[in-house]
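My notes follow the order in which I looked.

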There are 2 protein chains.
Amino acid sequence: MDEKLDRSRELLVQALGRQSSFWGLGKTAGEIYGALYLSPDPLSLENVAARLGLTKGNISIAVRQLEQLGMVRRSWQRGDRRVFFEAEGDFWKIAQSFLGLRHKPEFSQSFAMLEESVRLAGEAVRSAEREQVMERLGSLQEFYRLVDSTVELLLSATPEKMKTMMEMISSAVAGIGGAAERKNLMPAEK
Amino acid sequence: MDEKLDRSRELLVQALGRQSSFWGLGKTAGEIYGALYLSPDPLSLENVAARLGLTKGNISIAVRQLEQLGMVRRSWQRGDRRVFFEAEGDFWKIAQSFLGLRHKPEFSQSFAMLEESVRLAGEAVRSAEREQVMERLGSLQEFYRLVDSTVELLLSATPEKMKTMMEMISSAVAGIGGAAERKNLMPAEK
DNA sequence: TAATACGTTTAGAACGTATTAAACGATGTA
DNA sequence: TACATCGTTTAATACGTTCTAAACGTATTA
């Protein structure tokens with residue numbers, strides 16, 4: 001008679017599957033994470049597969065992604081040669097490793113290309129058009145640099161500090177945003 | 001003899017195509033934006049298609065996305081019934097509308113599902129397992145709320161304020177991060 | 001050793017998305 | 001009116017990704 005609890009679980013699994021897919025991990029990865037996150041104890045590969053109605057092979061691959069991102073750990077139990085998985089519960093840790101492992105490299109790649117682009121433009125013959133291009137490339141670079149600084153900041157802080165930072169930012173509305181409280185956004189913790 | 005300038009352009013187009021794809025817009029959308037961004041004047045549909053080696057129909061669809069995200073505007077010229085496109089140059093504006101139009105709705109959807117999940121768990125029969133679930137759902141909710149506040153803050157600020165905010169954050173390393181300058185991250189503006 | 005229970009790998013099927021080519025409607029021009 | 005030039009829509013195709021089913025290798029048990 002814990003049908004309600006099952007539906008609760010199922011809904012969260014779907015929610016995380018959705019988010020996961022949105023952020024470029026597969027839907028499955030998010031669902032796996034969700035299942036593990038709500039399970040009282042670690043789950044075996046087959047168990048996860050059964051819950052989500054997927055194949056072992058499928059889970060095997062997806063779970064590796066999750067491990068690499070630090071979202072899932074594997075564990076063992078004496079006298080049982082199965083592998084068990086459990087979810088990392090600290091979302092700040094996860095956000096950080098995701099930022100560092102997924103976004104940062106992709107970002108750096110584009111940034112490098114932008115720099116090369118700037119270099120090439122600098123080597124082109126002087127012309128009004130070249131100035132146009134260089135100016136625009138310059139703005140883009142400035143933007144990139146600022147985003148990059150922020151990313152680095154987030155990456156260099158401990159998860160705890162990261163959380164604190166976000167809290168500071170979130171409560172700084174009055175001083176900076178000015179419109180947030182007028183719109184009745186950001187309600188106080190209830 | 002502005003081959004260098006062409007290569008510079010091409011490289012930026014590729015960089016933005018890459019980023020665009022990474023962020024869930026098509027590669028094409030980013031490439032279109034890049035082409036427009038570096039062009040001194042607005043480009044016609046066919047012109048863009050020719051530059052990127054794609055079809056009119058393709059561009060027509062992709063450019064609509066970009067318009068909806070506020071990344072591209074269309075313009076006209078007297079005595080010419082062609083439509084021209086030009087890129088929005090303010091990245092803060094773009095980041096904001098992207099956050100609001102793409103991320104926020106998706107985020108809200110998952111958040112609503114999470115809340116429903118919490119509700120269901122609350123209705124389940126009391127048990128150790130239910131407490132487990134509710135506690136985890138609670139942490140997740142807390143995380144979501146904090147992220148949500150931050151998003152709302154960013155959305156409610158003007159692009160200019162948003163930029164200022166980021167600058168403040170980026171220069172606040174010493175006080176908060178503590179590790180960033182040790183790691184020689186965040187070099188000063190050169 | 002043989003048999004069983006795992007997790008992983010692989011080739012192929014299924015699926016969704018991006019792209020094309022062609023048709024279409026609308027708008028201007030001879 | 002006939003014709004040409006646009007942008008858009010549509011049906012078909014190409015492409016990449018995800019998932020499955022089966023084979024495989026390894027470790028454990030009898």
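First, a term: helices (H or I, at least four residues) and strands (E, at least two) are DSSP runs, numbered from the N terminus. A residue is near a molecule or strand if one of its heavy atoms lies within 4 Å of it.

This is a predicted model, so I noted its limits: local features need pLDDT of at least 70, side-chain atom pairs count only at pLDDT 80 or more, and totals for chains, interfaces and linings use all residues. Residues are numbered from 1 along each chain as its sequence is written, chains are lettered from A and ligands numbered from 1 in the order in which they are written, and side-chain values use heavy atoms, with hydrogens and water left out.

**Entry 1: DNA strand C**

I looked up which elements of chain A lie near DNA strand C. Helix 4 (56-68) and strand 3 (80-87) of chain A each supply at least two residues of that surface. Helix 4 of chain A gives the most, with four residues.

I then listed the neighbours. DNA strand C is surrounded by 15 residues, and the closest are S60(A), R64(A), R81(A), T28(B) and T55(B). Of the DNA strand C atoms that come within 4 Å of the protein, 73% belong to sugar and phosphate.

Next I checked polar contacts (pairs of N or O atoms within 3.5 Å; within protein, one must be able to donate a hydrogen and the other to accept it, and residues adjacent in sequence count only if both atoms are side-chain atoms). The side chain of T28(B) places an N or O atom 2.7 Å from a phosphate oxygen of DNA strand C. For the side chain of N58(B), the distance to a phosphate oxygen is 2.9 Å. V83(A) uses a polar backbone atom, 3.2 Å from a phosphate oxygen of DNA strand C.

**Entry 2: DNA strand D**

I turned to DNA strand D. Sugar and phosphate make up 71% of the DNA strand D atoms within 4 Å of the protein.

Which part of DNA strand D does K56(B) reach? I found a polar side-chain atom of K56(B) 3.2 Å from a base nitrogen. T28(A) has a polar side-chain atom 2.7 Å from a phosphate oxygen of DNA strand D. Helix 4 of chain B gives the most to the surface near DNA strand D, with four residues.

**Entry 3: chain B against chain A**

I looked up the protein contact (heavy atoms within 4.5 Å). Chain B puts in 75 residues and chain A 76. The two chains bury about 7300 Å² between them, 70% of it on carbon and sulfur atoms. Buried area is the accessible area (1.4 Å probe) that two parts lose on being put together, summed over both.

I counted six salt bridges between the chains (a side-chain nitrogen of Lys or Arg within 4 Å of a carboxyl oxygen of Asp or Glu). One of them joins E123(B) to K4(A), with the closest N and O atoms 3.2 Å apart. On the side of chain B that touches chain A, helix 6 of chain B has the largest share, 19 residues.

**Entry 4: symmetry**

Last, I compared the copies, superposed by least squares on the C-alpha atoms of residues with pLDDT of at least 70 in both. A rotation of 180 degrees with 0.0 Å of shift along its axis brings chain B onto chain A (RMSD 0.1 Å). The two copies are therefore related as by a two-fold rotation axis. Both use the same surface: 100% of the contact residues of chain B recur in chain A.
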